[in-house]
Amino acid sequence: MSAVEERYKLAKERIKELAGEVQGCYSDYIQKSAFLFQTLSEILESEKEYPDDPAWNDRLYREIEKEAYETSYANPAYAARQFGKMTGQYLCWYYARFRDAITAAYEKDKYEVTLRMELFLQAAEVLLEEEEKDRYLKETMYYYVHDYDAEQMEKSLRQMLCPGDSLIYRIVMESDFSHTDYLYRYGEFISENEKKMAAFLASLPEQTLASMARTYTEGYRKGFEAAGIDLSEKKTVQIRFHIGFEPMVRQAVLQFKEMGLETVFTRKTNTKAVGVVSTSPNKQYQYDHRYADALYLNRALVQERLKIAERLYETYKEEAAVYAGPAVIEVFGEELFAPAVKEESPSYTKEQEALSIEYTREYRLIQNRYIPQDSCSFTIIAYPIPEIGEQFEEIFKETIKVNTLDMEEYLRIQQVMIDALDQGDRVHVTGRKDNITDIWIQLHELDDPKKQTNFENCLADVNIPVGEVFTSPVLAGTSGVLHVTQVYLNELRYENLEFTFEDGMVTNYRCSNYEKEEENKKYVKENILHDRDTLPMGEFAIGTNTTAYVMGRKYGIEAKLPILIAEKTGPHFALGDTCYSMSEDVVLHNPDGKEIIAKENERSALRHTNIADAYFNCHTDITIPYDELGDIIVFTKEGKEITLIKDGRFVLPGTESLNMEEKYYG
């Protein structure tokens, strides 16, 4: 018997004993935790190589769905009501960690499941034996994180860099798509979205699936071509997708293989939906746990993690050197989400905010040494999921149309816009009706206008679909108010979102989601400023994909469009880093041969003297829809005015064909 097998059996027996003998105020918590592990043991010991019983999926995820979440120990508010705020926060954290073992059980990873079982037994021992429960719960939590950080970080890095015989790869490449039972093999929450999407895609001709995949994989290849990066030197591509898209993903894997790339897949985490994901059983659960590490985060842990990251990247430097970057399939159409702010949820102290920012920045700098941003690329494409409504299939077909628009036509129209923009030294953008936007964008000076340009002519390569021209503004002189009456950013709703800029930096911000102004400020700061007091304007762009805009208005799904598509449906402004973050020195040209010179600003230029102050590791696009947009006017040094858009409609000669029916512009 192996050491892991012995530990597993001992833990399993002790959990069974606990479930039957424990009494008192913690008995329900212990019994429900024990029930979770008993279910995981059933899955782990199943004779099936790929457990796919829907009953297990229901049993594991039912307690955090909808109303059931109100009385779940995974809910910090409920745990706090039962045990007090501090103890409740700790036990809620433990309960979420126990749930992390679900996918490990489906992976037949006995070691990982055993670790969580042993963590449960340690916590149960504290609850049943110790008087200073909070102290010992915190100590146990901290040392668990500390002791297994290196293992967890290496596991994540290997998933990203090392192709192999993974469960996800086998599901994608070996499953029979004529039945949707294969979806349950992931161990992720499976809803009607996943089942209906899988059935719909499986019904499409293979030629259609191959064509959809080709749009996506060719966009990836073109990204390398446009940046002048040699794709032949790369060996791995990371595919990120929503469960249910396997029929298309299989085609993409085969097409990437034709390019010489092996595919890797990564699992999402409890709070970060990056990798292979499914519909969330409850977005409030993820939101409640977004700062779970606030319960133990300190400088020693951050410093240790950075040392581990340095060591791991050095160990896997050969694999890192041939990593090409992510290829992402996003989805849209899920029920819109406005989170409840709970005082029981863990939150960062000022010191922890600074530590979190420091860790993210320093980790990215380490990563960039081994996977330089200027040596890899990416692509992103998006499709609707069935939850979008009864017109799903019609919207899906419209989305395919949006994703495959004539690039040559957009190339020509966008070049007309760029030629006008390059005559100016600043741009004035205003809103109309209830939108109070009034902002000036300062442009870089062109030393040689015949050979240089400020704006990139963005076609359908890394960012699919086609449809924008963008630049990195000069911060000095970029000032005013940016406002949208309603917007969804990263699946979170904002009402009357407003930012004030002075010399390109945010000086004030607000929204009207909540009654209390301080709650609105905190909401914006946490989720858009990422706990910073300010961010620069990293991008100014004009979206030209009016076909996507009309699709949104026609089906009433504007709020559900992902940023990827929404940013093409009007002018947008990004808070954070520029689009060329950490790849400023790559020489890029537009199709007309002109070099794009506006790739950084005064903050990113600090990389030459103090790289820690140059980057913010975030980039959030905020789009003004055409029906809220007033004018976009270019001002030249000579005092000439060139109007690109008037009352939300394109008026620059050569761009009028972008205008759609009047009814869609409000």
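**Charged residues and salt bridges in the predicted model**

In this predicted model, E518 is part of helix α19, which spans residues 517-527. E518 counts as exposed because its relative accessibility is 54%, and exposure requires a value over 50%. Together with E515, E517 and E519, E518 forms a negative surface patch.

Salt bridges number 45 in the model. One of them joins the side chains of E107 and R267, with an N to O distance of 2.9 Å. This pair links distant parts of the chain, 160 residues apart. E107 lies in the loop between α6 (101-106) and α7 (110-129), and R267 in the loop between β2 (262-264) and β3 (276-277). E107 is partly exposed at 31% relative accessibility, whereas R267 is buried at 12%.

A salt bridge also connects E258 and R214, at 3.7 Å from N to O. Because E258 belongs to helix α12 (residues 246-258) and R214 to helix α11 (residues 206-227), the pair ties together parts that are 44 residues apart in sequence. E258 is exposed, at 60%, and R214 is partly exposed, at 33%.

In the salt bridge between D585 and R607, the closest N and O atoms are 3.3 Å apart. D585 sits in the loop between β15 (571-576) and β16 (595-596) and R607 in the loop between β16 and β17, so parts 22 residues apart in sequence are tied together. D585 is exposed, with a relative accessible area of 58%, while R607 is buried at 16%. Elsewhere, a network of salt bridges links R97, D100, D109, E112, R116 and K155.

Strand β17 (residues 619-623) contains T623. T623 is buried, with a relative accessible area of 11%, and its side chain reaches the backbone oxygen of A566 at 3.5 Å.

Methods
Residues are numbered from 1 along each chain as its sequence is written. This is a predicted model: local features need pLDDT of at least 70, side-chain atom pairs count only at pLDDT 80 or more; totals for chains, interfaces and linings use all residues. Side-chain values use heavy atoms; hydrogens and water are left out. Patches are made of residues with over 30% relative accessible area and no salt bridge: like charges are joined within 9 Å, nonpolar side chains (Val, Leu, Ile, Met, Phe, Trp, Tyr) within 5 Å. Accessible areas come from the Shrake-Rupley method with a 1.4 Å probe; for residues, only the protein chains shown count as cover. A salt bridge is a side-chain nitrogen of Lys or Arg within 4 Å of a carboxyl oxygen of Asp or Glu. Lys and Arg count as positive and Asp and Glu as negative; His and the chain ends are not counted. The place of a charge is taken as NZ of Lys, CZ of Arg, CG of Asp or CD of Glu. Helices (H or I, at least four residues) and strands (E, at least two) are DSSP runs, numbered from the N terminus. Buried means under 20% relative accessible area, exposed over 50%, partly exposed in between (1.4 Å probe, protein chains only). A polar contact is a pair of N or O atoms within 3.5 Å; within protein, one must be able to donate a hydrogen and the other to accept it, and residues adjacent in sequence count only if both atoms are side-chain atoms.
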